[in-house]
Amino acid sequence: MAFEPVLSRNFNVPGSQSIDVYRQRGGYRAIAKALEMGRDAVAEEVKKSNLRGRGGAGFPAGTKWSFLPPNRTVTYLCVNADESEPGTFNNRYIMELDPHMLLEGILIAGYTTRATIAYIYLRVEYHKAYRILQKALEEAYAANLFGKNILGNPDFSMDCYIHRGAGAYVCGEETGLIESLEGKRGWPRIKPPFPAIAGAFGKPTVVNNVETLSCVVPIIDRGAAWFASIGLPPASTGPKLYTVSGPVKRPGCYEAPLGLTVRELIEGKDFGQGMQDGKKIKAVIPGGLSVGFLTSDELDCKLDFDDPRKYGLLGLGTAGAIVIDESVDLRQVLMNIARFYSTESCGQCTQCREGTMWIYKIARRIASGTGRLEDLDLITEITATMGMMTGRSICGHADGATFPLKTLIKKFRLDFENYIRNQKGVAEVIAAQ
Amino acid sequence: MAMIIINGRAVECAEGTPVLKVAVDAGFDVPFYCFHPGLKIVASCRLCLMEMRSKDPKTGEMVWSPRLIPSCQTPARDGMEVRFDSPNVRQNQRAVMEDYLLNHPLDCPVCDQAGECWLQDYSMKYGNALSRMTEPKTVNPKKSVGSKTLLYQDRCVLCSRCVRFCREVAGTNELCVIRRSSYAEIDAFPGIPLENKLQGNVVDICPVGALLDKDFLYKQRVWYLKTSKSICPNCSTGCTICIDHNNGRVWRLRPRTNRKVNTWWICDEGRFGWKYVHSNQRLLAPMLKGARVTWDAALAAAQQLLAPAGKAQQGKGVAVVLSPMMACEEAWLLAKVVRAAAPQATLVTGFVPKASADELFPVGLTDQAKAKFIIRAEKCPNRCGVEAVCKALGGPQATFADFLAKAKQGTFALAWIVGGYSQEWVTRDCSDALSKVSQLIVQDIFPSSLSARADLALPSCAWVEREGTFVNHAGIAQPFDRALPPPVGCQQDSQYLYRLAGMEGLYRAEKVREQMLDKVAELRDLWTPPAEARGMH
């Protein structure tokens, strides 16, 4: 049975960014329905759909909303559009090709959580998405979808602002995002209190990813039961926007039910359509850089919320696959990864701040041809000293750094040992020194 | 109260206190940098991590958490069980210490902090002898962040205490963290240097040698310094301080933690307000009618001046001006000496220097109860104490203004006037009024127009050279110790007053205090702040 696109259904429709086209194709039907259903019913529906956050951690969205204190007076909704995970661009597709779907999702979430202001925290590099979203927001305001008494409902008023980030990876972490939104340095906060209790400006706050909010629209429109039947229930329900990049024939963003295998994503005719010019796969980062590496023997890994863990990965992540072919020098991969995480470390927790930089220095040395075999063990040891999962850091940045680094060294150890035995540096690295 | 178990030992504490504080107060060895009892908790140094015992949701058994937990961020709850001595915790401490030293320049031999540096101490206890990093170190810059403070970023551990201090206590927000990762640095916002009136505290709370006091820079190795407990005399707050001195000189002042008065801080006015002590302008010998005399001659002269004046009308023509810079014991002794000769002598509380208003911190605050620190407008330490002494002694009394007014009318034949201020204090008004007093005995630190025309001028000592008790604006009586001997040629004020009072031996504030207890209620409850555990001050 061919999968009928849900999140990407408007992507190829001409003029999909306009409110009229969106409406013609059934848009803004869900918010009207939600207003009729009432807050509790909508919340219940989202819970039943078992929608899990698409931002990387996979926390159930309905449960997240239920953490808000019942006697709150002010609630904020923060939309995490700071999509900065390397290899990931599905939020960008949504915002550039179907901005009204996101706005409708914001409306439903805002209505359900009684939010009065929604902030879209947009990655600053997304200039095009900013223009498109801004225009869509103006259209929505003109149609009384935002502002006072939305769609004539005296019980629902909400404003929406787009706040552009300043180019920090760590501001994609929800409390880093909130700090940055408040105009402060984007240092993730210590928890508790969680944002649901004291978030933006000290008030109860919901932070949801763009794709998560987009999923709320079809859930209300077509029902939780329908949504929960897609994918691999009960843990992984619903459709997912996968992205694939690297030397595949057709890199891009494709929709499929949760549970697509990495092999299908790379080779499927609806997806990547295989490698370019007979190139051979060396390694795949299946879900955004932070989840870690798969070898070419592990391509049957299913991209859902459970399977990646069996391959030693952090999780599903953002389902943005990066394919690396055999012509690539893995030492450069190691160095690039280490550089990314070291320069993006916010500088707050010692292990992450110093550890990532140390690894980068070692990786650069390995790439320049003066690596030692013990460096591989040293990198592995340093990765074990940091991370939120072991309680050693405040946020998940260090975990995001350790998984690609340690899986790369563990799964491709022989390659690294050969590189080091040959002691021939990467030409570009030596030239840059 | 709550009972928690740390490393197998039961410790009693107030419910909700950070576990780190409970552990350190109870004497457990727990390393940490970012926690400070006076600042918000950020849990970013990750050095105080511990293990906690909790119920396994699956089996219901009590098990040690596999995850480490920051003890600073965890409030103590009754029945809690934690440990800091497991291999996992130790491994983390070692790893973090290794991280701290990766890019540290290891320039202890030229670092002011050496000897009181937490990085040195923790390295000895928890660190490794050798660094495994073979690559070049990241070198962060050195810079001046204000007219009084230097920042050596290469030594910084980024605990952010200084940033939080400027934000939460001073309320002036000058400092911030710029850049990311290993290149992150502390910096002052462009155009807003670190110039607030409490800025010296950032140097104190810096656990390493990153923030340095320009005034103290390269002056002394800290292990040569001797420390005396004192009280700051610069305003009526009465902050408890440590005087660090060596070779007969004061080198720096530091706050001494005092939950009742100044908590952890002092202001720059107090911190740098000791320079006059070593001024070469000081009055160093007794002067009889402008001529230098021996102490014996001077004291005999004092008695000769007092006796006839005291005889006339039971000494109604005698006044003694007790400076609010004096300690209670000194005021008591002098009043006693004068009253012994002239029973009806008028007791006057001396000139009280005042600024326009109290300064509250964080700046902008108007509610005194919410202030984290107050620099009082009253620029003397012991007005309350001197007033209490006068009240206790009874008899004729006058305020300083009344005294001047009466003096102008020629009421007084003899006045004994005590100064002791760090600055020139004799106004035109004052010297005009006193020109009508026929005989003057002046006791002061610096020569003035008054001491020049005095029949007898006696040198006074600065507070670092004296001991006694100050009663602050709120009536809290705090004793202070002597840090330095008086300058050559001088005697401690109370020592010569002691002799004039006919008492034998060396002056001890305690001995005088004992005599005063019945009369001066303010001195019955002396407040000496308890010593705090390392790092909690």
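Let's start with one residue: B:Asp244 counts as buried, at 1% relative accessibility (buried means under 20% relative accessible area, exposed over 50% and partly exposed in between, with a 1.4 Å probe and protein chains only). Everything here comes from a predicted model, in which local features need pLDDT of at least 70 and side-chain atom pairs count only at pLDDT 80 or more, while totals for chains, interfaces and linings use all residues. Residues are numbered from 1 along each chain as its sequence is written, chains are lettered from A and ligands numbered from 1 in the order in which they are written, and side-chain values use heavy atoms, with hydrogens and water left out.

Where does B:Asp244 sit? B:Asp244 is found in strand E13 of chain B (helices, H or I with at least four residues, and strands, E with at least two, are DSSP runs numbered from the N terminus). The side chain of B:Asp244 makes a polar contact with the side chain of B:Thr227 at 2.8 Å, and another with the side chain of B:Arg252 at 2.7 Å. A polar contact here is a pair of N or O atoms within 3.5 Å; within protein, one must be able to donate a hydrogen and the other to accept it, and residues adjacent in sequence count only if both atoms are side-chain atoms. If we leave aside neighbours within four places in sequence, B:Asp244 is in contact (heavy atoms within 4.5 Å) with several residues, including B:Leu225, B:Val250 and B:Trp251.

Now step back to the whole of chain B. Chain B is divided into domain 1 (2-96), domain 2 (132-278) and domain 3 (287-354 + 372-523), with bounds that come from an automatic or database domain assignment. The C-alpha centres of domain 2 and domain 3 of chain B lie 36 Å apart. Where these two domains of chain B meet, 37 residues of domain 2 are in contact with 28 residues of domain 3. Together, domain 2 and domain 3 of chain B bury about 2600 Å², 67% of it on carbon and sulfur atoms; buried area is the accessible area (1.4 Å probe) that two parts lose on being put together, summed over both.

One salt bridge is found across the interface of domain 2 and domain 3 of chain B. B:Glu269 forms a salt bridge with B:Lys379, and their closest N and O atoms are 3.1 Å apart. The term stands for a side-chain nitrogen of Lys or Arg within 4 Å of a carboxyl oxygen of Asp or Glu. Between domain 2 and domain 3 of chain B there are also twelve residue pairs in polar contact, both residues at pLDDT 80 or more.

Next, let's see how the two chains meet. Here 38 residues of chain B are in contact with 36 residues of chain A, and the two chains bury about 2900 Å² between them, 49% of it on carbon and sulfur atoms. Three salt bridges are found across the interface of chain B and chain A. A:Arg365 forms a salt bridge with B:Glu135, with the closest N and O atoms 2.5 Å apart. The count of residue pairs in polar contact between chain B and chain A is 26, both residues at pLDDT 80 or more. On the side of chain B that touches chain A, the elements giving two or more residues are helix H2 (87-102) and strand E9 (175-178) of chain B. H2(B) gives the largest share of that side, nine residues.

A:Lys240 forms a salt bridge with A:Glu211, the closest N and O atoms being 2.7 Å apart.
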